[in-house]
Amino acid sequence: MRKTFKLVDLDCAHCAAKIEDSVRKMEGVTGVEVNFLSQKMVLEASEEYFSEIADKVVKQIRKIEPDVTVKKI
């Protein structure tokens with residue numbers, strides 16, 4: 001399953017790269033792309049566990065960048 005999320009208040013390309021690297025290493029994630037300019041993240045994961053994985057990804061993003069708000073598109 002593939003879904004797009006808006007990363008509101010993502011301030012720098014380095015932060016986007018940190019988020020992408022961290023999420024890519026998470027169990028269950030099969031693909032991730034973070035675009036700093038559009039402030040979007042495309043997450044790919046198993047459909048069966050997608051909501052659980054997405055919740056963990058949001059928590060991980062908050063650890064890395066507490067000011068970023070994650071919204072489903």
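The radius of gyration used here is taken over C-alpha atoms, and the globule rule is 2.2 Å times the number of residues to the power 0.38. For 73 residues a compact globule would come out near 11 Å, and the chain has 11 Å, so the two agree. The model is predicted. The chain holds 2 helices and 4 strands, and from the N terminus on these elements follow the order β-α-β-β-α-β.

**Overall dimensions and surface**

- Taken along the principal axes, the C-alpha atoms of the chain fill a box of roughly 30 × 20 × 15 Å.
- Of the 73 residues in the chain, 37% are buried.
- The chain exposes about 4700 Å², and 46% of that area is supplied by carbon and sulfur atoms.
- Among contacts between residues at least 6 apart in sequence, 65% join residues at least 24 apart.

**Backbone: residues with positive phi**

- Most residues other than glycine have a negative phi.
- Asp9 is not a glycine, yet has a positive phi of about 70 degrees.
- Asp9 sits in the loop between strand S1 (2–8) and helix H1 (13–24).
- The relative accessibility of Asp9 is 44%, so this residue counts as partly exposed, a class that lies between the limits of 20% and 50%.
- Gln39, also not a glycine, has a positive phi of about 55 degrees.
- The loop that holds Gln39 lies between strand S2 (29–35) and strand S3 (40–45).

**Salt bridges: count and the strand pair**

- Side chains of opposite charge can pair when their charged atoms come close.
- The chain has 4 salt bridges, counted with a limit of 4 Å between a side-chain nitrogen of Lys or Arg and a carboxyl oxygen of Asp or Glu.
- One of them joins Glu44 and Arg2, with the closest N and O atoms 2.9 Å apart.
- This pair links distant parts of the chain, as Glu44 is in strand S3 and Arg2 is in strand S1, 42 residues apart.
- Glu44 has a relative accessible area of 27% and is therefore partly exposed.
- Arg2 has a relative accessibility of 51%, which is over the 50% limit, so Arg2 counts as exposed.

- Glu20, Asp21 and Arg24 are linked in a network of salt bridges.
- Glu20 and Arg24 are separated by about one helical turn because they are 4 residues apart in helix H1.
- The side chains of Arg24 and Asp21 also form a salt bridge, at 3.8 Å, N to O.
- Arg24 and Asp21 are 3 residues apart in helix H1, so about one helical turn separates them.
- Arg24 counts as partly exposed because its relative accessibility is 42%.
- Asp21, at 39% relative accessibility, likewise counts as partly exposed.

- Ser22 is in helix H1.
- The relative accessible area of Ser22 is 18%, which is under the 20% limit, so Ser22 is buried.
- Leaving aside neighbours within four places in sequence, Ser22 is in contact with Gln60 and Ile64.
- Val23 is also found in helix H1.
- Val23 has a relative accessible area of 0% and is therefore buried.
- Not counting residues up to four places away in sequence, Val23 touches Val29, Val32, Leu43, Val57 and Ile61.
- Val23 and Glu33 are 10 residues apart along the chain, and their C-alpha atoms are separated by 9.4 Å.

Key
Residues are numbered from 1 along each chain as its sequence is written. This is a predicted model: local features need pLDDT of at least 70, side-chain atom pairs count only at pLDDT 80 or more; totals for chains, interfaces and linings use all residues. Side-chain values use heavy atoms; hydrogens and water are left out. Buried means under 20% relative accessible area, exposed over 50%, partly exposed in between (1.4 Å probe, protein chains only). Contact means heavy atoms within 4.5 Å. Accessible areas come from the Shrake-Rupley method with a 1.4 Å probe; for residues, only the protein chains shown count as cover.
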